Amino acid sequence: MKSKQAGSSIKRGLAAVAAVFTLMAGTAIAADPIKVGSFLSVTGPAAFLGDPEQKTLELYVEKINAAGGVLGRKLELVAYDSGGNAEKARTFVKRLIEQDKVDVIVGGSTTGETMAVVPLVEAAQVPFISLAGAVVIVEPVKKWVFKTPHTDRMACEKIFIDMQSRKFSKIALISGPGGFDKSMRGQCLGVAKKYGIEVIADETYGGGDTDMTAQLTKIKNTAGVQAVLNAGFGQGPAIVTKNYRQIGVSMPLYQSHGVASKEFIKLAGPAAEGVRLPAAALLVADSLPQSDAQRSVVVSYKNEYESRFKSEVSTFGGHAYDGLYIVVEAMKKAGGTDKAKVRDAIEATHGFMGTAGVFNMSPTDHMGLDLSAFRMLEVKGGNWTLVK
Amino acid sequence: MQSRPILVGLASPRTGGMLALAGVIALLPLFLSNKYFYDIVVLVGLNAIVCVGLNLLIGYAGQISLGHAGFFGAGAYGSAILASRFGWPPIAAMLATTLAVALLAYLVGRPILRLKGHYLAMATLGMGIIVFMVITTEDAYTGGPDGIAVVPFSIGGYVLQGERVWYWVVGALLLLAVWLAQNLIDSPAGRALRALHSSEVGAEVVGINAAKHKVMVFVISAVFASVAGSLAAHYSGFITPGKATFLHSIELVTMVVFGGMASTFGAVVGAAVLTTLPQLLAVFEDYEMMVFGAVMMGTMIFLPRGVVPSIARLFQARSKQQIGDKESGA
Amino acid sequence: MSAQFVQYLLTGLTVGAIYALVALGFSIIFNASHVINFAQGEFVMIGGMATVSLSAAGLPYLLAIPLAIVAAALVGLALEKFAVEPARGASVVTLIIITIGASIFLRGLAMVIWDKRFHALKPFTGDTPIPIGGATILPQSLWVLGVTLAIVLALTWFFGRTLLGKAMLATSHNRLAAQLVGINVRMVLFVSFGLSAALGAVAGILIAPITTTSYDVGVMLGLKGFAAAILGGLGSGVGAVVGGLVLGIAETMSAGYLSSAYKDAIAFVIILVVLFFLPSGLFGKRGGERV
C-alpha cells in the first residue's frame, strides 16, 4: 500500500518501490503475505503491556520472515494502537477485518478491549488470540476467541496455595482501579473460601494516586491480618510496596502477576525485598535448572528481546510470543490460512511450549495453561528468585 | 416565513445547512466501501448528536461543561443495565434512562449553574467524575472497568443490527437533533440565551430569567448526550467506562470549539474531524499523539472561532464584496 | 486511633502540598491571562522525567534538578510565545482548547523523547522512615513540605516586594489600568507561564521519589491541582495553598475513615458543597461580575 503512494512523485520514492520489487523478486514468493492483525495498548495506562507486546510481535515477525516465512509466504503485521480504549479497539478491529482483511488477530492488551471486540470477531469468524488476563475471556468458551496469559483466577489460586502452606488464613486485599485489578479482586474473593482463606480487609486506591498509606494504615490496624495481597499493575503496586515498608507493616506482602517484570523491583527499590508473586518462568529464565523443559524457550526469548531492545524482558511480551507462535503452528498444521481450519488447529494446540508454560487447548479450554505454568517467586537481593 | 419565496428560504444559511447535511447523509454511502467506514461515520454521528446539544450550552448559553461524558456514560449504562441485566425492552430502557438523566441534570444543574465560568467548569467536572467513579466501582451492575455486553436495540421485534441500518438511524436522529437545536435557537428562548451569553446581568435587567433558561439548556444538552450514549451502547454491543471519563468530556468540548462555537453545523464538523482524525493519524504510530496535539493547537491558533464560522466569514466577506449584500445572522 | 489519625494527616499534608504547588501554577497563569492552563500537569511531568533522565546520564541532583526546572520553564515560555501569544484576542474557551492541545502535544513529545515506562527517582536524603507520634513520615515528605513552604514564602515576597511581582498582581486586578500605568502586560503574561512551569516542575521533582514518574503522570496531578485551585478560589495564592492542603487531607481522611473506593468522589462532593455556599471558592474574589 505504502509503495504505491511513494511511487507517484519523487525519484527517491521510485527507488524505494524498485527496491521493494527487487526484494520480492529475490525471494521469489508469488503468494500474498499472510496478514496478522493486532491492536494493542501501546500508549496509555496499559502501555507497559502493549509496548513489549508490540515489540515482540515486530521482532518475531521479522525473524520468521528472515527464516522464509510460513508455508512459503511472508507474514505481514498490521498493528494499531488502541491506547487502552475499548471504543478505539473496536473500531480498529473493524478496520483489521473489513479494510485490512487480516487472516488472524493477535492482540488486545486489556480485558476491556478484548471483550469489546469479541462480538465482532465472532460475527466475522476470524481466529483471535487475546493477550489479556481475565477469566471472562475464555469462560464461557467463545468459538473464535483464545488467550495466552494465565487467568487472574489462577494467580489467586497460586497465591492462596502459597499462603496455605505458610498457615495464613486471614488476609487483607488492596486493589487498584483498573479492569485487571477489579477482575482479580473479584476472582480472589470468589476462590478464597476454597483455600480456607478469609479476606477481612478490602481496600482500593484510585488511578494516579500518589500515596496509599491511608489504606495501608487501615489494614495495619485491622486485627488478625496475617498477609496482604495487592491486585494491581503499573505504578500503583510500586507505591503500595514503598508505603507498606514506610509505615512498617511486618506481614508478608503478595503482589499479582500484573507486575511481573524487573521494572517493579526497580520502581519499588529496596522495599520490594521479600515480596512474593506468581509469574511465568520467564522472569527467572537463567536460574531454571537445565532439566527444566521450559528453559530453552524462555532463555532464547529473553536473550532475543533484551539484545534487540536493550530493555528488560517482561512476561507480557511473552504472551505475544506465545500467541504468534500458536497461530503460526496452527497455520502450518492447517496447511493454509483458511480461517475455520486455522481455528480448529488452534483449538487442537497440544503440548506447545511457550514462555508462559505448556499449552494444551481443547474445545472446552481456550487457554490451555494449568497451575504448573505459574511459579511462585520472591524478591531477594534485588532480583526474582524461585520459592522452593 | 411562509410568504417568503421558497428560493430565498433555501438560500438562508439555516435551511440551506439542513439541506446540505441531509444531502451529505444521503450521498455519503456511495463513498463507503465497507463496514469499517460505516462504523466510523456512525461514531461521528453519535458524537455529533452530543455536540449539537453541548453547543447549545457552550456556544449559545455561554456555559461550559466539563462533565458531559458523565451524561453520555449515564445514558449508556442506564440503557445497558436495564436492557441487558433486567431484560427491559431497549426502547423502554432508553426512555426511562433519558428521563432519569434529565432529572439528574435538573437536580445537579439548579445549584451548580449559579456558578460562573471556571467554577462551573469545575462543578460539572466533579459531577462527571462522580458518575465515572460510580460506574467503575459498582461492578455488580456495571461490570466495572472491563465493561458489560449490551443487547442489540430492537423495536417491536425488529432488531437493529449492522452498520448500514445504524447509519440511517443515526443519520435521521442527527438531522432531528440539528432541527431541534435550530428551532430552539430561533425561538424566543434562544434569543434569551444569546442575551445571556453576551451579558447575564444585562439579560436579567430586561427581564430574562437567567437561571431558568440556563437550567433548561443544561437539561436539553444532557438529554442529547444521554440518548447518544444509549444508542452507542446498543450499537457497540459492549460498553466500558472509557466513554464516561473526564478525557471524553474534554474531547466533546474540544469538538464543539474546534468546529465553531455557536454554530450547530460547526459542532457536526468538529465531531466529524476529531472522530476521524485518530484513524487517519494511526500511520504516525508513536508520533500520533504529538501530531494530534499539534493539529488541535494549530487549528485553534489560526482559526480561533473554530473551523466553520472562520470559513463562513471568509465566504461572507467575499460575497459581500461581490454583491454588497448585507450580512446574514451568525 | 490517634496514631492512625496522625498518619492520615501527614500523608494528606504531603499529597496536599503537591496539589498546592500545581494549584499555584494554575492561579498565576489565570491571574495574568484568565486562562486555565490545562498543560499545567505536563510541567509536573517534565520536571520529574527530565530529572530522571539527567540523573541517569550521570548528573548529580544539584545539577540535574535546576536544569530540569529550567527546561520546564523554557517549555512554559515557548508555550506562551508560540501558542498563547499568537492567539491573542481569542475567546477564553479557545485558549483553553489550545492549552489542551498543548498538553496532548507535550505528552506525545515526552513519549517519543523518553519512553512510556514508569521511572523511579532516588529520594534526596535516604528513605528511612521517621517516626512521629506513632506514625511515620518519609524524609522525602519533609522535603515536599519544606520546599513548598519555602516557595510560598518566596512567592509572597515576590508579589509583595518586587516590581515585577507587583506588576503581575496589578495586571491580574485590572489589565487595562495596568497597561495605562505603563506595565508591559505581554511581558507579565510571558513571565507568568515561565514561573508556573517552574513551579509545576518543582512539584514533579519533589513527588517523583515517592510515587515514581512517567510521561502521563501529569494528567491526574493536573486535574487535582485544578480542583485545588478552584476550591481555594481561582487567582488567590492563599487559596491555592489552602485548597491543595484541604483536598489532600480530605482524600486521605476519606480513604482512611470512609471508603477508599469513593475517596476521590468524596473529595469532589466536598468541593461541590463548598462551591454551593461559596461560589468563588474559599478565598476567591467576591462581588458582582462586571457587566
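How many residue pairs are in polar contact between chain C and chain A? The count is 10 residue pairs, both at pLDDT 80 or more, a polar contact being a pair of N or O atoms within 3.5 Å, where within protein one must be able to donate a hydrogen and the other to accept it, and residues adjacent in sequence count only if both atoms are side-chain atoms.

This is a predicted model, in which local features need pLDDT of at least 70 and side-chain atom pairs count only at pLDDT 80 or more, while totals for chains, interfaces and linings use all residues. Residues are numbered from 1 along each chain as its sequence is written, chains are lettered from A in the order in which they are written, and side-chain values use heavy atoms, with hydrogens and water left out.

**View 1. The contact between chain C and chain A.** Here 34 residues from chain C meet 32 residues from chain A, contact meaning heavy atoms within 4.5 Å. The two chains bury about 2700 Å² between them, 53% of it on carbon and sulfur atoms; buried area is the accessible area (1.4 Å probe) that two parts lose on being put together, summed over both. In chain C, the residues that lose the most area to chain A are C:K116, C:R117 and C:F118, together 22% of what that side buries.

**View 2. A salt bridge between chain A and chain C.** A:D51 is paired with C:K116 in a salt bridge whose closest N and O atoms are 3.0 Å apart, the term requiring a side-chain nitrogen of Lys or Arg within 4 Å of a carboxyl oxygen of Asp or Glu. The count between chain C and chain A is two salt bridges.

View 3. C:Q7 lies in helix 1 (residues 2-33) of chain C, helices being DSSP runs (H or I, at least four residues) numbered from the N terminus. With a relative accessible area of 4%, C:Q7 is buried, that is, under 20% relative accessible area (1.4 Å probe, protein chains only). Leaving aside residues up to four places away in sequence, C:Q7 touches A:T213, A:T217, A:Q246, A:I247, C:A135 and C:T136.

**View 4. The contact between chain C and chain B.** In this view 50 residues of chain C are in contact with 40 residues of chain B, and the two chains bury about 3800 Å² between them, 82% of it on carbon and sulfur atoms.

Key: Helices (H or I, at least four residues) and strands (E, at least two) are DSSP runs, numbered from the N terminus. Buried means under 20% relative accessible area, exposed over 50%, partly exposed in between (1.4 Å probe, protein chains only).
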